[in-house]
Amino acid sequence: MAKIVYTGEMDPRLCKNVLGETIPALAERDLDVIYLDADLMSCIGTAKWAQANPDRAVNCGIAEANMVGVACGLASAGFKPIVHTFGPFASRRCYDQAFLSGAYARNDITIIGTDPGVTATMNGGTHMPFEDVALYRAMPGATVIDVTDPTLLVSVLGQCVDRPGVKFIRVGRKQYAKVYEEGSELPIGKAVTLREGSDIAIFAAGIMVHEAMQAAKALEAEGISVAVIDMFTIKPLDETAVEAWAKKCGAVLTAENHNRYGGLWSAVSEVLAQKHPVPAGYVAVEDEFGEVGPQDYLQERFGLTAARVAERAKAVLARKG
């Protein structure tokens with residue numbers, strides 16, 4: 001069960017520290033779990049554990065495509081590989097290997113891409129993937145997750161190691177707003193309603209869940225009733241939830257730290273078009289590359305803010321009739 005404890009406050013845990021604790025714990029609990037990294041162990045706190053456990057952790061160096069190939073080979077031998085590198089390298093750089101040696105060959109691997117979208121901050125445009133979700137959504141049988149908070153990260157990572165197919169988890173390394181009580185279990189593929197509403201439903205993922213909740217609070221003060229749904233599993237999408245909220249509210253908005261092509265907006269729109277068309281809109285990065293800057297600046301720069309969510313929600317409601 002997921003217990004919602006959202007107040008707008010930040011979770012004191014850094015996601016990089018949570019990864020640094022959870023990956024070793026999974027490997028120690030299950031001898032088939034093996035961890036591979038592309039020279040970034042120090043970035044998620046696994047370096048000391050890896051050094052002490054060389055049979056459970058492999059530093060493949062700055063060779064991400066090769067690392068995924070190695071992981072797929074290990075999977076074919078019965079292991080459960082967890083692979084980590086920064087988001088652009090976990091998606092663009094090793095996509096062919098994940099697609100062919102992973103998905104096509106039916107080898108089950110878990111790929112963690114850290115610092116997706118604007119959470120890449122000072123690493124700039126080359127390290128700022130706005131397309132990673134679109135790539136993995138196009139991969140047959142893949143699971144795509146955009147992490148909401150540290151509690152959800154622990155839950156989904158534990159599920160992924162035993163889940164078939166290629167699993168792609170995108171997560172920032174720093175703080176997230178606290179949404180769920182520690183220990184909550186959040187089943188992959190099941191959306192979570194964070195607040196009820198009757199005028200418009202906002203489907204959000206990743207860092208945009210916090211922005212959507214803040215926007216909903218502001219809109220409520222103006223007499224607008226807003227439902228917020230955490231759509232952390234972008235594939236397989238909870239289509240039942242999309243259809244149900246579209247029918248209940250008659251208007252839908254999506255919010256994501258991704259570009260408008262191929263991500264959550266595309267996934268939700270596909271369901272609406274086939275099952276229950278309603279006025280809909282999105283808050284996402286437009287057809288642009290990333291740039292260098294602190295996260296608060298980048299969220300303003302690309303419109304990934306509560307203010308933009310509220311503005312777009314009003315525009316959608318104006319079309320509701």
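Helix α8 passes helix α12 in a right-handed crossing, and I would like to start there, keeping in mind that what we are looking at is a predicted model. If you follow α8 along residues 208–221 and α12 along residues 306–318, you will see that their axes come within 8 Å and cross at roughly 60°. That angle makes α8 oblique to α12. On the α8 side, the residues that meet the other helix are M208, E211, A212, Q214, A215 and L219, and on the α12 side they are A306, V309, A310, A313 and K314. Sorted by class, this contact of α8 with α12 has 8 nonpolar residues, 1 polar residue and 2 charged residues.

For those of you who are new to this, two packed helices are described by the angle between their axes and by the distance between the axes. With that in mind, let us go to a second pair.

Helices α9 and α10 pack at an angle of about 60°, and their axes lie 10 Å apart. Here too the angle has a name, since it makes α9 oblique to α10. The crossing of α9 past α10 is right-handed. From α9 the contact takes E239, V242, E243 and A246, and from α10 it takes V268, V271, L272 and K275. By class, this contact of α9 with α10 has 5 nonpolar residues, no polar ones and 3 charged ones.

Which residues of α9 are buried? They are A241, V242, W245, A246 and C249. Because these residues cover an arc of only 130° around the axis, they sit on the same side of α9. On the face turned away from that buried side, you will find the exposed residues T240 and K247. What do the buried residues of α9 pack against? Their partners are the strands β7 (192–195), β8 (200–204), β9 (226–230) and β11 (252–259), together with the helix α10 (264–275). Just after α9 comes G250, which takes a positive phi of about 75°.

The crossing of α1 past α7 is right-handed. In α1 the residues C15, V18, L19, T22, I23 and L26 meet P150, L153, V154, L157 and G158 of α7. The residues of this contact of α1 with α7 divide into 9 nonpolar, 2 polar and no charged.

After α5 we come to R106, whose phi is positive, near 60°.

Is N107 buried or exposed? Its relative accessible area is 12%, and because buried means under 20%, N107 counts as buried. Leaving aside its neighbours within four places in sequence, N107 is in contact with C72, A75, S76, S101, G102, G165 and V166.

I will finish with two further residues. P164 is found in the loop between α7 (150–160) and β6 (166–171). At 58% relative accessibility, P164 counts as exposed. The C-alpha atoms of P164 and E286 are separated by 33 Å, and these two residues are 122 residues apart along the chain.

I4, by contrast, has its place in the segment before α1 (15–29). With a relative accessible area of 34%, I4 is partly exposed. If we leave aside its neighbours within four places in sequence, I4 is in contact with V179, Y180, V192, T193 and L194. From I4 to A218 there are 214 residues in sequence, while in space the two are 19 Å apart, C-alpha to C-alpha.

Key
Residues are numbered from 1 along each chain as its sequence is written. This is a predicted model: local features need pLDDT of at least 70, side-chain atom pairs count only at pLDDT 80 or more; totals for chains, interfaces and linings use all residues. Side-chain values use heavy atoms; hydrogens and water are left out. Buried means under 20% relative accessible area, exposed over 50%, partly exposed in between (1.4 Å probe, protein chains only). Contact means heavy atoms within 4.5 Å. Helices (H or I, at least four residues) and strands (E, at least two) are DSSP runs, numbered from the N terminus. The arc is that of the directions from the helix axis to the C-beta atoms. Axes are lines fitted to C-alpha atoms, for helices over the stretch in contact, and angles run from 0 to 180 degrees between N-to-C directions. Angles under 35 degrees count as roughly parallel, over 145 as roughly antiparallel, 65 to 115 as roughly perpendicular and the rest as oblique. A crossing is left-handed if the near helix is turned anticlockwise from the far one by less than a right angle, and right-handed if clockwise. Ala, Val, Leu, Ile, Met, Phe, Trp, Tyr, Cys and Pro count as nonpolar, Asp, Glu, Lys and Arg as charged, and the others, Gly among them, as polar.
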